Amino acid sequence: MPFDIPVIETERLILRGPAPQDYPDFKATFSSYRSRFMGGPLNTYEAWMLYAAEIGHWQIRGFGMWMIHDKATEETYGMAGGWQPAGWPEREIAWIIWPGAAGKGYALEAVQAARGHFYSNLGWETAVSYIDPKNLDSIRLAERLGARKDPEAATIDGNDAVYRHPAPDALKDSRIAHGIDMEIAHYADPLFKPEGWALD
């Protein structure tokens, strides 16, 4: 029986399960230099197999990666959600933003919503993000989400850094949570023009 993937709405975004019509954007990103920290760039066959795995992951695990859509235009901006294929020591919170959508706070908004779903509706008490140490954009995003490097945690292959997200109780009504909400609100303001690093 097909798994009914939940839909999550935020102020700017709708998170829906991956669908066949979303594949071209996925392929374009994972065939590009943008995916260099996530096993890419991939050839056509590899990209197709990975996208099939994204869809199948929901059926096998009961959670997975959502496609990030603009609420007003339906444009897709990337993916965010949970990931634990065979060999992953723990459940991961992961994300990737299409090249043209970076630096607008979409990853922060989507990951915050996805993490909230996992904590509130699936009862997760912890989660990690496995990040290439050279992927400074993702490290900065993980830290803005309150995740901290966990040197005691098992890695995937010894070449990744493990960032552990705050537990639900530690995150609830915390300065981190309020700071995330404030930052998302800033990005949602059409007059807001971030300076410095083009963060996701």
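1. Aromatic pairs. A search of the whole structure finds ten aromatic pairs. The model is a predicted one. Two of the pairs are described here. The ring centres of Phe63 and Phe118 lie 6.1 Å apart and their planes stand at 75°, so this pair is edge-to-face. Phe63 belongs to the loop between α2 and β3 (65-70), while Phe118 belongs to helix α3 (residues 106-121), so the contact ties together parts that are 55 residues apart in sequence. Both Phe63 and Phe118 are buried.

2. A stacked pair. Tyr77 and Tyr106 form a stacked aromatic pair, with 3.9 Å from centre to centre and 10° between the planes. Here too, distant parts of the chain are linked: Tyr77 is in strand β4 and Tyr106 is in helix α3, 29 residues apart. Tyr77 and Tyr106 are both buried.

3. An aromatic cluster. Phe63 and Phe118 also take part in one aromatic cluster, together with Trp58, Trp66 and Trp124.

4. The main nonpolar core. The largest nonpolar core comprises 36 residues, and Ile68 and Trp95 are those with the most contacts inside it. At least two residues of this core come from each of β2, β3, β4, β5, α3, α4, β8 and α6. Helix α3 supplies the largest share, nine residues. As for Ile68, its contacts, not counting residues up to four places away in sequence, include Leu13, Ile14 and Leu15, as well as Tyr77, Met79, Ile97 and Ala110. A second core. A separate core of 13 residues includes Phe26, Met67, Ile96 and Trp98. Phe26 is also one of the buried residues of helix α1 (residues 23-30), among which are Tyr23, Thr29 and Phe30. These four residues cover an arc of only 130° around the axis, which puts them on the same side of α1. In general, an α-helix has 3.6 residues a turn, so residues three or four places apart point the same way. The cover over the buried residues of α1 includes α2 (44-61), β4 (76-83) and β5 (92-97).

5. Salt bridges: Glu74 and Arg16. Eight salt bridges are found in a search of the whole structure. In one of them, Glu74 is joined to Arg16, and the closest N and O atoms are 3.0 Å apart. Glu74 is in the loop between β3 and β4 and Arg16 is in strand β2 (residues 13-16), so the bridge ties together parts that are 58 residues apart in sequence. Both partners are partly exposed: the relative accessible area is 38% for Glu74 and 28% for Arg16.

6. Salt bridges: Arg144 and Glu183. The side chains of Arg144 and Glu183 meet in a salt bridge with an N to O distance of 2.4 Å. Arg144 is in helix α4 (residues 136-144) and Glu183 in helix α6 (residues 175-188), and the pair links these distant parts of the chain, 39 residues apart. Arg144 counts as buried at 18% relative accessibility, whereas Glu183, at 22%, counts as partly exposed. The two values fall on either side of the 20% cut-off for buried residues, with Arg144 at 18% and Glu183 at 22%.

7. Arg164 and Asp150 form a salt bridge through their side chains, at 2.7 Å from N to O. Arg164 lies in strand β8 (residues 161-164) and Asp150 in the loop between β7 (148-149) and β8, so the bridge ties together parts that are 14 residues apart in sequence. Arg164 is partly exposed, with a relative accessible area of 22%, and Asp150 counts as buried at 17% relative accessibility. Glu90 joins Asp150 and Arg164 in a network of salt bridges.

8. Backbone points for review. Which residues other than glycine have a positive phi value near 70° or near 55°? Glu74 has phi near 70°, and Asp173 has phi near 55°. Each is found in a loop: Glu74 in the loop between β3 and β4, and Asp173 in the loop between α5 (168-171) and α6. Glu74 is partly exposed, with a relative accessible area of 38%, whereas Asp173 counts as exposed at 62% relative accessibility. Glu74 is also the partner of Arg16 in the salt bridge described above.

Technical notes
Residues are numbered from 1 along each chain as its sequence is written. This is a predicted model: local features need pLDDT of at least 70, side-chain atom pairs count only at pLDDT 80 or more; totals for chains, interfaces and linings use all residues. Side-chain values use heavy atoms; hydrogens and water are left out. Buried means under 20% relative accessible area, exposed over 50%, partly exposed in between (1.4 Å probe, protein chains only). The arc is that of the directions from the helix axis to the C-beta atoms. Contact means heavy atoms within 4.5 Å. Rings of Phe, Tyr and Trp (its six-membered ring) pair if their centres lie within 6.5 Å; planes under 30 degrees apart count as stacked, over 60 as edge-to-face and the rest as tilted. A salt bridge is a side-chain nitrogen of Lys or Arg within 4 Å of a carboxyl oxygen of Asp or Glu. A nonpolar core is a set of buried Ala, Val, Leu, Ile, Met, Phe, Trp, Tyr and Cys residues joined through side-chain atoms within 4.5 Å.
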